[in-house]
Amino acid sequence: MTTWRVREATPADADAVCTCMTEILAETGGQKGPGFGAPLWTWQYVNGAHPALVVVAEEGSRFLGYYHVPIVNLIVRGRPVLGAVVQDVATLAPYRGAGVFREMGACALEGMRKRGVGLIYTFPNHRSLPSFKRNHGYTVITKAPVRILPLDVGAVLRTRLGAVGALGGAPVTAALSAVARRMGRLESGEELVSITEPDEELAALARDFASGVSAALDRTAAYLKWRFLEKPTREYAIHGLRRDGRLVAYVVTRLAPLFGTTCAMVMDLGCARGEESALLRLVSTHLQARREEGAALAVTMGLHPFLPRLTLAGFVKVPERFNPRPFNLVSKILDPALPTDILTPESWMITLADWDVM
């Protein structure tokens, strides 16, 4: 006989949810563990553009699991659509395999429908991916490519990537780094600037960049400020490239441990139409500065027509067999008016900023 139940959480459940998350993160060694606590949870699930939908499983007074669904603003084919991102989902070890996760997912779907969500996306790990497909009808769109650029060849060769695995070893790595240095030379009238207050000028670049795809988060000035500058852990830096006083490109990075070394994570980026070369120069120049701060490797992940051009700045795709955490992008349409052909890789803009942990 089942002794547990699932329900939507209320504001009064916040402390209990955080306690359950702390227990599971400690057990699993989750990347979100360091720095996790009530301030981070409140920032992510209370202070966003919309209050998140949170589902919990409980047995008596004890929480057995949680299922977080931030409600977000998307732009799909040029029009606003209420979206949702499934993240921070887990069940306590003794209750795994008992249907708790499946029932939380079903409850969350019902809650999303009630809120008018039209489109959902998420990045499940290998353990939860089968449930999303089998139990709830999500479509696997693709594995979002991971790209890396060695900034300190010697340091990279000492990591578990070895001679960068199948990426070609030290000679190729050194050549790619040389390409990146050449790309980092700014043109006349260009300067790098630190952006400490996202404004409409920055948001306009983000909209321009996303206009080349069918589905993307609506990167408004308020969203960019919340996502990168209001997070309690304060690890992001936003830099822009100005030419003759006009902002033409931006990039967001943070330093983080990955692949056994310090990485400069390229979280988000964008540029005005026709300014892709300027964006490449910005990325290269900024990453050179991150190298001086101790970063041995630059890493990014995502989908956008521009991202393959990062090869010109020295980036290479990581073969899946070297990728410790595949980014399986899955999605589900709830609004029948949305076209099904948006469930294709070329339809999406996704960056590391759209994934929870980083």
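Reader: Where do I start with a predicted model? What is the mean pLDDT of the protein chain?

Author: Start with confidence. The chain has a mean pLDDT of 91. Of its residues, 92% reach 70 or more.

Reader: Over which residues does pLDDT stay under 50?

Author: Look at residues 168-173. The model has 7 contacts for them beyond four places in sequence.

Reader: Now the charges. How many salt bridges does a search of the whole structure find?

Author: The search finds 25 salt bridges. Take R62 and E23. Their side chains meet at 3.5 Å, N to O. The pair links distant parts of the chain. R62 is in strand β3, residues 62-69, and E23 is in helix α1, residues 14-28. They are 39 residues apart.

Reader: Are R62 and E23 buried, exposed or partly exposed?

Author: Read the relative accessible area. Buried means under 20%, and exposed means over 50%. R62 has 39%, so R62 is partly exposed. E23 has 40%, so E23 is partly exposed as well.

Reader: Which residue forms a salt bridge with D356?

Author: K32 does, with the closest N and O atoms 2.9 Å apart. This pair also links distant parts of the chain, 324 residues apart. D356 lies in the segment after β17, and K32 in the loop between α1 and α2. Both D356 and K32 are buried.

Reader: What about R281 and E187?

Author: Their side chains form a salt bridge at 3.4 Å, N to O. R281 sits in helix α9, residues 276-292. E187 sits in the loop between α6 and β9. The two are 94 residues apart. R281 has 9% relative accessibility, so R281 counts as buried. E187, at 44%, is partly exposed.

Reader: Which residues are linked with R281 and E187 in a network of salt bridges?

Author: The network also takes in E190, R243, R246 and E275.

Reader: Next, a helix. How do I read which residues point the same way?

Author: An α-helix has 3.6 residues a turn, so residues three or four places apart point the same way. Now turn to helix α4, residues 129-136. The buried residues there are L129, S131, F132 and H136.

Reader: What do the buried residues of α4 pack against?

Author: They pack against helix α3 and strands β3, β5, β6, β7 and β16.

Reader: Which residue just after α4 takes a positive phi?

Author: G137 does, with a phi of about 70 degrees.

Technical notes:
Residues are numbered from 1 along each chain as its sequence is written. This is a predicted model: local features need pLDDT of at least 70, side-chain atom pairs count only at pLDDT 80 or more; totals for chains, interfaces and linings use all residues. Side-chain values use heavy atoms; hydrogens and water are left out. pLDDT is the predictor's confidence in each residue, from 0 to 100. Contact means heavy atoms within 4.5 Å. A salt bridge is a side-chain nitrogen of Lys or Arg within 4 Å of a carboxyl oxygen of Asp or Glu. Helices (H or I, at least four residues) and strands (E, at least two) are DSSP runs, numbered from the N terminus. Buried means under 20% relative accessible area, exposed over 50%, partly exposed in between (1.4 Å probe, protein chains only).
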